[in-house]
Amino acid sequence: MNATPEELLRPFRERLEALDRQLAELVAARLAICCEVAEVKRAHGIPMMQPHRVTAVREAYAARGERLGLSPDFMRSLASLLIDEACRLEDEIIDAPAAAGTEALR
């Protein structure tokens with residue numbers, strides 16, 4: 001009896017789904033920390049944009065990717081997506097009315 005393409009691919013798709021769930025949870029955890037950082041920046045008058053940190057994070061992602069056999073350019077792009085979302089959240093938090101804080105964004 002021959003397996004269908006769906007049957008052959010099901011175990012791989014299930015493993016990918018499990019990893020995708022974990023990735024989403026990790027991204028959510030990372031962004032939650034970025035919200036905490038925004039609160040500290042807001043409380044201490046620290047500018048939202050920290051260009052040296054952005055560059056360091058992108059390059060750290062590229063280096064990690066290279067060590068793992070992944071394209072450094074892909075990893076820089078991934079870091080850029082995460083950074084862009086973190087900046088969006090930080091902007092909202094830093095610019096929110098004082099009483100609102102991060103709770104207004106949830």
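Helices here are DSSP runs of H or I, at least four residues long, numbered from the N terminus. With that in hand, welcome to a tour of a predicted model.

**Stop 1: E90**

Start by selecting E90, which sits in helix α3. Is E90 buried or exposed? Buried means under 20% relative accessible area, and E90 is buried because its relative accessible area is 7%. Now show the side chains of E90 and K41: they make a polar contact with each other, at 2.7 Å.

**Stop 2: the largest pocket**

Which residues lie nearest the centre of the largest pocket? They are C34, K41, R53, A86 and E90, out of a lining of 15 residues. The volume of this pocket is about 280 Å³. Colour the helices next: α1 (5-44), α2 (51-67) and α3 (72-95) each bring at least two residues to the lining. The largest share, 5 residues, belongs to α1. Colouring by residue class gives 10 nonpolar, 1 polar and 4 charged residues in the lining of the largest pocket.

**Stop 3: the second largest pocket**

Select L23, L26, V27, R30, Y61, F74, L78 and L82, and you have the lining of the second largest pocket. Its volume is about 230 Å³. Here α1 and α3 are each the source of at least two lining residues, and α1 gives the largest share, 4 residues. By class, the lining of the second largest pocket holds 7 nonpolar residues, no polar ones and 1 charged residue.

**Stop 4: R58**

Move to helix α2 and pick R58. R58 counts as partly exposed because its relative accessibility is 26%, and that class lies between 20% and 50%. What does the side chain of R58 make a polar contact with? The partner is the side chain of S80, at 2.7 Å. Beyond neighbours within four places in sequence, R58 is in contact with R76, A79, S80 and I83.

**Stop 5: E85**

Go back to helix α3 and select E85. E85 is partly exposed, with a relative accessible area of 28%. Draw a C-alpha to C-alpha line from E85 to L68: the two are 17 residues apart in sequence and 25 Å apart in space.

**Stop 6: the cysteines**

Finish by showing the sulfur atoms. How many disulfides does the structure hold? The count is 0. A disulfide is a covalent bond between the sulfur atoms of two cysteines, and the cut-off used is a sulfur pair within 2.5 Å. Select C35 first: its sulfur is 7.1 Å from the closest cysteine sulfur, in C34, and is therefore too far away for a bond. C35 is also buried, at a relative accessible area of 7%. Then select C87, whose closest cysteine sulfur is in C34 as well, 8.4 Å away, so this pair too is too far apart for a bond. C87 counts as buried, at 16% relative accessibility.

Methods
Residues are numbered from 1 along each chain as its sequence is written. This is a predicted model: local features need pLDDT of at least 70, side-chain atom pairs count only at pLDDT 80 or more; totals for chains, interfaces and linings use all residues. Side-chain values use heavy atoms; hydrogens and water are left out. On a 1 Å grid over the protein atoms alone, a cavity is a set of points where a 1.4 Å probe fits but cannot get out, and a pocket is an open set with protein on both sides within 12 Å along at least five of seven lines; lining residues have an atom within 4 Å of a point. Grid points are joined across faces, edges and corners, and a volume is the space filled by probe spheres set on the points. Ala, Val, Leu, Ile, Met, Phe, Trp, Tyr, Cys and Pro count as nonpolar, Asp, Glu, Lys and Arg as charged, and the others, Gly among them, as polar. Buried means under 20% relative accessible area, exposed over 50%, partly exposed in between (1.4 Å probe, protein chains only). Contact means heavy atoms within 4.5 Å. A polar contact is a pair of N or O atoms within 3.5 Å; within protein, one must be able to donate a hydrogen and the other to accept it, and residues adjacent in sequence count only if both atoms are side-chain atoms.
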